[in-house]
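Look over the sequence and the model shown below.

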Amino acid sequence: MSTADAHAGPPVAHQSSRVSAPVLGMFLFIGSEIMLFGAFFTVYFFARVVNNAPAWPPEGLELPVLVAGVNTAILVTSSFTMHWALQSVKRGSRAGLQAGLVLTLAMGLTFLLTQMIEYTRVGFAPRDGTFGSTFYGLTGLHGAHVFIGLTLLTFATVRAFRGHFTAEHHHGVEIPGIYWHFVDVMWIVVYASVYLL
Amino acid sequence: MSTTEHHHPEVHAAPRPPATGLRRLLAPGFLRAIWMMALFFGIGLALVLGIRAIAGWHPLWHWPPVLAVAFLTTMPLGFLAGIGAFDYWTHYALGRPTRPEDHSGHGARSWRDYFRVNTDHKVIGVQYLVTTVFFFVAGGLLAMFVRAELARPGTQFFDPQTYNGLFSVHASLMIFLFIIPAFAGLANYVVPLMLGAPDMAFPRLNALSYWLLPIAGIMMLSSFLIPGGAFAAGWTGYAPLSVVGSDGNIFFQMAVQWAGASSIMTALNFLVTIITMRAPGMTFWRMPLLVWANFTTSLLVVIATPFIAASQFFALFDRVLGTDFFRPESGGYVLGYQHIFWFYSHPAVYIMMLPGFGIVSEVISVMSRKPIFGYRLMALSLMAILFLGFSVWAHHMFVSGMAPWLRVPMMITTLLIAVPTGIKVFSWLATIWEGKLNFSTPMLWALGFLSMFVIGGLSGIYLGAVPIDIHTSDTYFVVAHIHYVLFGGSLFTIFAGIYYWFPKMTGRMYDERLGKLHFWLTFVGFNATFFPMHLIGVQGMPRRVVDYAPEFANWNFFISVASFGLGASTIVFLYNMINSWARGPRATGNPWRALTLEWQVSSPPPTFNFDEIPQVVGNPYEYGVPGARHAVLGEERVEELERVR
């Protein structure tokens, strides 16, 4: 230790796990998030299965399965560009990092905008029975997570363009990336149960 | 991110000088918090009105969404931004170079440092404890009002709606603002020390989780000021009552979000700290049981708390957005609320008990001068309670009209929990057995806990059995049970912990005579208050009703008088704490002659806990074992490292 006064700074904490603290923290947070989605799926299951809903969706309502399917494809693709961004920074390629992040951001924004347009045209509101409530509940909760993910990615993008992150230090890309993959995988579950089942 | 700066101990600077003039408006602090609260309130208001205008909803001004968004979400965010809880992250998000850590937000030099965003886990621990004791007193006063009203049959002081508000806010404060965060506060102070770590894994997140708490508490208390009165659906806030009741329910629903977020962030922090920051040699099987207890509790919090958050979101949406999650008339499943709520709130009773188990294990072993009996089984039984705790939630719903086939499985799992809990009780008894007992105040609280918790556990077995539960549902028998486990259980362990670590936290010794007086007053007052509730409960006196049948009048008068004595015993506690903190005799580093690491440093510990990370060489509870060591520090550590090499 180079410090002359031992009390001026903390001693270096002993690292007792191979996983780094921020990565572990993000994984635990995702565990918590999965439980939050679990509660929303539970209420969906109650309304649809336990309550024996007569028709799902109710007569006269239809969900845009195809448009949402294309939107799903966009979001899944953005996971690959995110992975590319992370691999690029690990190789030390700043251009790849920047391009990957910008593409991911663009696709995430497209997904969110498509969903907002879908809300205006879908023909029912959150207050129109449990079908409406659970539809807006699950897709809305997911939309909020896309928004959070995009916010984190924006921070990473700003920093990437300002010359931060190196092949050795890239937690600021890796951790929003983990969150982004979670958001994508969760969407596949939401899409499958809300639109397809 | 937040751990990286530990790798640069050479970067340090003097604290920044205090800002003057107009600069003070921009420097983090309460001044900035005031204008930022106004600003964020405006943002929230604009958001609500804007969305309502675009969507074409009438009327444009509607109180519930304004309350939920502008008052209870964005305004508190403005407060947090104002006091500087987000400063580092904003700085990071804007893409500026990461500031070298100057540790100016770390440690306390004067009492003022306790009123700002502080990243020192010891300061945060004290902040937690003082805040929770404040809300404990507030919640206790509400209980005094409840008992004053119940001293005689009929309605004396409060109308039924106000009375319902009183006991609802009492329970909510005691659970969300006292028991759960008081344990978090004790653990915040002690766990990093016990692990041989300089701080928690995420000090800034730690500071943020503390500052969410006063927000939640003030929210619950201020619901009394709303026209229509406080939330009055009990601390359980069952839908549809909480959906159609007064707007005070919005305060409950939002306060639970803030307290829950605080809980989850703290739990994440504990888990990461315990997994990644243990001192060399500190294997999982050498961790003190308090650390084990907080490890399992944190797992429970991370897994279960999202469910109560969701249940309150649904109830809030039903009220504010007009959704139909729990509206039976439009296809909602009203029992769904109870299922989702209890899927959190049953594990929550273990969140409110397991850290106490940890505290008691520390105290009993140290004060009996014996190794804890069955150390590994003590740790494993915590894990068993964790898993079983998720499979019993519907025992709160035996009379709710839920699917009848759920009853018996839930009864069996409920009774099964008595097995790991029994293991713990017998292990403590075996630890005391033939020990050299030191009847100091913490030990008295621990022994009081042991006997009272067993009574609460036994009435719990009664309530877990379907037929008895149906008979005693919603009677004072349930009130007696919950107070025996939460007051005689959790609260006694919190007091044990506060007295046990008081010399470590303040560097001064409390008054032993007053501590014992406090214990005996509480112990007698507690039993006189809550034991008769078993009797009137079995006879059928319903809970949560302002009035009662005249045949219960004598017992209720007795209970009310006893409860005032119980309330008065808190004055002894407060006097002892304040007076000893200011004027008590200086405490040595290790007044209890304990082996765990927090006692191997000075009282109070240095800002960064240890000059060098200690080396752990043995088990934490080898009292009375000749030559046994838990950890070595300083010179000895160097010798030990030489010897091993």
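Leaving aside its neighbours within four places in sequence, which residues is M144(B) in contact with? This is a predicted model, and in it M144(B) touches S563(B), F564(B) and G567(B) once those sequence neighbours are set aside. M144(B) itself sits in helix α5 of chain B, which covers residues 121–150.

Next come the helix pairs. Two packed helices are described by the angle between their axes and the distance between the axes. In chain B, consider helix α13 (residues 375–389) and helix α15 (residues 418–432), whose axes come within 8 Å and cross at roughly 155°. An angle over 145 degrees counts as roughly antiparallel, and therefore α13(B) and α15(B) are roughly antiparallel to each other. Their crossing is left-handed. On the α13(B) side the contact is made by L377(B), M378(B), S381(B), L382(B), A384(B), I385(B) and L388(B). The α15(B) side supplies P420(B), T421(B), I423(B), K424(B), S427(B) and W428(B). Sorted by class, the residues of this contact are nine nonpolar, three polar and one charged.

Helix α1 (residues 21–50) of chain A packs with helix α5 (residues 171–196) of chain A at an angle of about 15°, and their axes are 11 Å apart. That angle makes α1(A) roughly parallel to α5(A), since angles under 35 degrees count as roughly parallel. The crossing of α1(A) and α5(A) is right-handed. Among the residues of α1(A) that make the contact are P22(A), F27(A), E33(A), F41(A) and R48(A). From α5(A), the residues in contact include H171(A), E174(A), Y179(A), F182(A) and V194(A). By class, the contact of α1(A) with α5(A) has 18 nonpolar, two polar and three charged residues.

How many residues of chain B are in contact with chain A? There are 55 such residues in chain B, and they meet 48 residues of chain A. The area buried between the two chains is about 4600 Å², and carbon and sulfur atoms give 70% of that area. As for salt bridges, the count between chain B and chain A is zero.

Terms used:
Residues are numbered from 1 along each chain as its sequence is written. Chains are lettered from A and ligands numbered from 1 in the order in which they are written. This is a predicted model: local features need pLDDT of at least 70, side-chain atom pairs count only at pLDDT 80 or more; totals for chains, interfaces and linings use all residues. Side-chain values use heavy atoms; hydrogens and water are left out. Axes are lines fitted to C-alpha atoms, for helices over the stretch in contact, and angles run from 0 to 180 degrees between N-to-C directions. Helices (H or I, at least four residues) and strands (E, at least two) are DSSP runs, numbered from the N terminus. Angles under 35 degrees count as roughly parallel, over 145 as roughly antiparallel, 65 to 115 as roughly perpendicular and the rest as oblique. A crossing is left-handed if the near helix is turned anticlockwise from the far one by less than a right angle, and right-handed if clockwise. Contact means heavy atoms within 4.5 Å. Ala, Val, Leu, Ile, Met, Phe, Trp, Tyr, Cys and Pro count as nonpolar, Asp, Glu, Lys and Arg as charged, and the others, Gly among them, as polar. Buried area is the accessible area (1.4 Å probe) that two parts lose on being put together, summed over both. A salt bridge is a side-chain nitrogen of Lys or Arg within 4 Å of a carboxyl oxygen of Asp or Glu.
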